[in-house]
Amino acid sequence: MAALKILVIPGSLRTGSLNAKLAAAIAHELVVAGVEVTRISLADFPLPIYDGDLQAKSGVPKNAVNLKRMIGVHHGVLIVTPEYNSSVPALVKNTIDWISRVHDPQETRGQVFRDRAFAIAAASGGRLGGARALAALRLILTACHAPVVPNQLALSFADEAYDDKDRLKHAHDIEALNAMVRQLVEFSQRMM
Ligand SMILES: Cc1cc2nc3c(=O)[nH]c(=O)nc-3n(C[C@H](O)[C@H](O)[C@H](O)COP(=O)(O)O)c2cc1C
């Protein structure tokens with residue numbers, strides 16, 4: 001049987017990003033669960049701020065098309081987002097906006113979102129762990145018709161959440177991570 005493939009996308013470009021670190025920790029657990037994981041950086045898919053005039057003039061940028069195609073060869077997608085001013089960073093929203101404008105003539109509109117499982121996680125140094133960014137991200141993905149698994153992980157006090165091997169050290173965080181990973185794997189398997 002072909003391997004289950006899950007794409008992991010950290011929503012921060014920052015060196016030392018808490019969200020990139022969480023994405024790595026979740027990717028590790030997915031690999032342990034037997035999943036073939038692709039972990040990317042959005043730094044490799046730079047995109048201008050969405051502008052309808054730009055799209056009318058030059059079409060959707062190649063990086064958005066490439067990223068959409070990369071999503072299309074995976075059964076599941078995990079987005080790990082920072083929280084900026086109680087919502088998702090422009091980077092995450094702008095990336096989703098561009099992907100939602102890629103139209104493949106062989107597909108129905110929104111198929112790339114509809115046909116795979118999505119999971120969301122956030123990390124923040126604060127007490128809420130990016131919970132408001134997760135609410136915003138769930139709304140955005142749902143508007144794109146993406147099935148988003150119910151379990152999610154909001155990692156609070158993320159700068160103190162790891163042991164010296166970069167594994168989560170608090171039982172409640174480990175439980176939330178495992179519950180989300182289990183659901184993501186289960187929902188992604190249905191998309192195979
Ligand atoms: C513009 C801006 C707004 C922020 N707003 C919030 C916020 O609303 N809630 C929160 O928990 N952290 C907020 N933060 C702090 C980020 O959670 C923190 O910088 C985090 O480390 C960013 O993610 P990263 O480490 O993956 O880059 C904000 C940071 C920036 C730069």
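**View 1. Arg14 and the ligand in a predicted model**. A polar side-chain atom of Arg14 is 2.7 Å from an oxygen atom of the ligand, a polar contact being a pair of N or O atoms within 3.5 Å. For Ser124, too, a polar side-chain atom lies 2.7 Å from an oxygen atom of the ligand. Asn85 instead places a backbone N or O atom 2.7 Å from a nitrogen atom of the ligand. The residues around the ligand (a heavy atom within 4 Å) include Ser12, Ser17, Leu18, Asn19, Pro82, Glu83 and Tyr84. Residues are numbered from 1 along each chain as its sequence is written. In this predicted model, local features need pLDDT of at least 70 and side-chain atom pairs pLDDT 80 or more, while totals for chains, interfaces and linings use all residues; side-chain values use heavy atoms, without hydrogens and water.

**View 2. Helices H1 and H7**. H1 (residues 18–32) packs against H7 (residues 171–189) at an angle of about 55°, and their axes are 10 Å apart. Ile26, Glu29 and Leu30 of H1 meet residues of H7, among them Leu177, Met180 and Leu184; contact means heavy atoms within 4.5 Å.

**View 3. Helices H3 and H4**. The axes of H3 (residues 62–72) and H4 (residues 90–99) are 9 Å apart, at an angle of about 85°. That makes H3 roughly perpendicular to H4. Ala64, Leu67, Lys68 and Ile71 in H3 meet Thr95, Trp98 and Ile99 in H4.

How values were computed:
Axes are lines fitted to C-alpha atoms, for helices over the stretch in contact, and angles run from 0 to 180 degrees between N-to-C directions. Helices (H or I, at least four residues) and strands (E, at least two) are DSSP runs, numbered from the N terminus. A polar contact is a pair of N or O atoms within 3.5 Å; within protein, one must be able to donate a hydrogen and the other to accept it, and residues adjacent in sequence count only if both atoms are side-chain atoms. Angles under 35 degrees count as roughly parallel, over 145 as roughly antiparallel, 65 to 115 as roughly perpendicular and the rest as oblique.
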